[in-house]
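Have the structure open beside you and look for each residue as it comes up.

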Amino acid sequence: MASPEAAPGQTGTTNKPAAGEVLTRFAPSPTGFLHIGGARTALFNWLYARHHGGKALLRIEDTDKKRSTREAINAIMDGLEWLGLDYDEPPVFQSDRAERHAEVANQLLEAGHAYKCFATPEELKAMRAEQRAAKQPMRYDGRWRDRDPSQAPEGAPFTVRLKTPQDGETTIEDEVQGTVSVANAELDDYIILRADGTPTYMLAVVVDDHDMGVTHVIRGDDHLNNAFRQLPIYRAMDAIEGGWPDPVYAHVPLIHGSDGAKLSKRHGALGAETYRDEFGILPEALFNYLLRLGWAHGDREEITRKEAIELFDLDGVGKSPSRFDLKKLENLNGHYIREAEDNRLAALVAQRMEGPVDEDLLVQAMPVLKVRAKNLDEIAQGAAFLFAKRPLTLTEKAAGLLDADGRARLSAVSGALAQENDWTLAALEATTKALAEELGLGLGKLAQPMRAALTGTTTSPGIFDVLVLLGRDESLARIDAQAA
């Protein structure tokens, strides 16, 4: 992915797609990190383009200079790259295109599809107060729609408003929502150019989508109302110069929390980097989970990236909000941890551990460490015993196993294992089982104090795996340190 520093803004020339070519776009506002809902929107756009052999484009909608930050832009780029979502052209920065947006606003103005509004802030405030008192919908009343600008005081500031249709209705054949219609009387003449000459979001989005050649607008259904407000711009510009077809819309239901309430931080509405850095989630797990969050293909739960590209289409997107469940994500992550290469896992886990670690030893231990782990932190915690220094710090439960009887059994274990020259799983298991039979004990009565002495805890990989991983000298030294 191109770095944000190197990405130029696009000019006003139209990037027309080839006949039948699909172009999607992900257009985040860099006022925060790549949150989970935005990541799913990015994924759906990327998959739809890849499935249809088209292009996936990226636009950074950074026109809100007070809230947009370089840190957020970099975080979004980092999150997309981590998820493996690449783009076919350098990212477009909306703030670079203000002149182009104003150019289209002036075209609309000159052709009579927009008009100058000289209403003052005080007048608009009074208008809204009257509407509120009359319990009417609060919308601009069109007071300058048919007036001659010459009626305004000379030099008075003005905004430019779009002249939206007032009669009939606008219908959208949405790929997810189906047929949706809105009476045009419900739409007001909204501002497309502010008094200071800067474009509004509603205008900028349409101009950018057109100029980028976007054919399919896939986004959250909280933008469905915006579609009805944006279509008049497409249709007015098509009437002026042609070549402004309506995009195909697909408004995807939002994500809710596991309790059905609006997704919030307590539900998991966090940045993608949080799942990576704090929760130890693998990118392929989050990719798979987001894919299944609102899209289905039969009963399939585990779907690879390649399969996702082959299978994804909009007809699999449901109309109901999906529910985010962190436990389900962690369970899926456990599957991908078990599938992951040991070298890769060892490198990731090493970064999460304190102090120097032997990555070769981590690689050797990974087959037994990853079996039950649901995240990278659990692997790191499970691996801590490998690099612990003597004397080991024991947990309370582990110390409780090393009473007089436990230490006596450790002494017997030490004597038996010290005679063992074949330090392998099979030999160590045979020797320990023979000792247990000799002492008239179950194997657990020896394994429990051994685990406490070797790891300082009561949970670990299999005890014979622990002995092999620690090696003969370190294992005997740890046992002897806790024996009677």
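Phe-118 has a relative accessibility of 11%, so it counts as buried; the word means under 20% relative accessible area, while exposed means over 50% and partly exposed lies in between (1.4 Å probe, protein chains only). Phe-158, at 28% relative accessibility, counts as partly exposed.

Before going on, note that this is a predicted model: local features need pLDDT of at least 70, side-chain atom pairs count only at pLDDT 80 or more, and totals for chains, interfaces and linings use all residues. Residues are numbered from 1 along each chain as its sequence is written, and side-chain values use heavy atoms, with hydrogens and water left out.

**Aromatic rings**

A pair of aromatic rings is described by the distance of the centres and the angle of the planes. How many aromatic pairs does a search of the whole structure find? There are 9. Rings of Phe, Tyr and Trp (its six-membered ring) pair if their centres lie within 6.5 Å; planes under 30 degrees apart count as stacked, over 60 as edge-to-face and the rest as tilted.

One of these is the edge-to-face pair of Trp-46 and Phe-287, with 6.2 Å centre to centre and 85° between the planes. The pair links distant parts of the chain, 241 residues apart: Trp-46 is in helix H1 (residues 36–51) and Phe-287 in helix H8 (residues 283–291). Helices (H or I, at least four residues) and strands (E, at least two) are DSSP runs, numbered from the N terminus. Trp-46 is buried, with a relative accessible area of 4%, and Phe-287 is buried too, at 2% relative accessibility.

Back to Phe-118 and Phe-158: they form a tilted pair, 5.4 Å centre to centre with 55° between the planes. Phe-118 lies in the loop between strand S4 (114–117) and helix H4 (121–133), and Phe-158 in the loop between H4 and strand S5 (159–162), so the pair ties together parts that are 40 residues apart in sequence.

Ring pairs also link Tyr-275, Phe-279, Tyr-289 and Phe-324 into a cluster.

**Charges over rings**

A charge sits over a ring if NZ of Lys or CZ of Arg is within 6 Å of the ring centre and within 35 degrees of the ring normal. Here are two examples.

| Charged residue | Ring | Distance from the ring centre |
|---|---|---|
| Arg-147 | Trp-144 | 3.7 Å |
| Arg-276 | Trp-82 | 5.8 Å |

**Pockets**

On a 1 Å grid over the protein atoms alone, a pocket is an open set of points where a 1.4 Å probe fits, with protein on both sides within 12 Å along at least five of seven lines; lining residues have an atom within 4 Å of a point. Grid points are joined across faces, edges and corners, and a volume is the space filled by probe spheres set on the points.

The largest pocket has a volume of about 1,400 Å³. Its lining has 48 residues, and Pro-28, Ser-29, His-35, Asp-222 and His-223 lie nearest its centre. Which element gives the most to this lining? H1 does, with 7 residues.

The second largest pocket holds about 460 Å³ of space. Among its 24 lining residues, Gln-381, Gly-382, Thr-459, Ser-460 and Pro-461 are the closest to its centre. H13 gives the most to that lining, with 4 residues.
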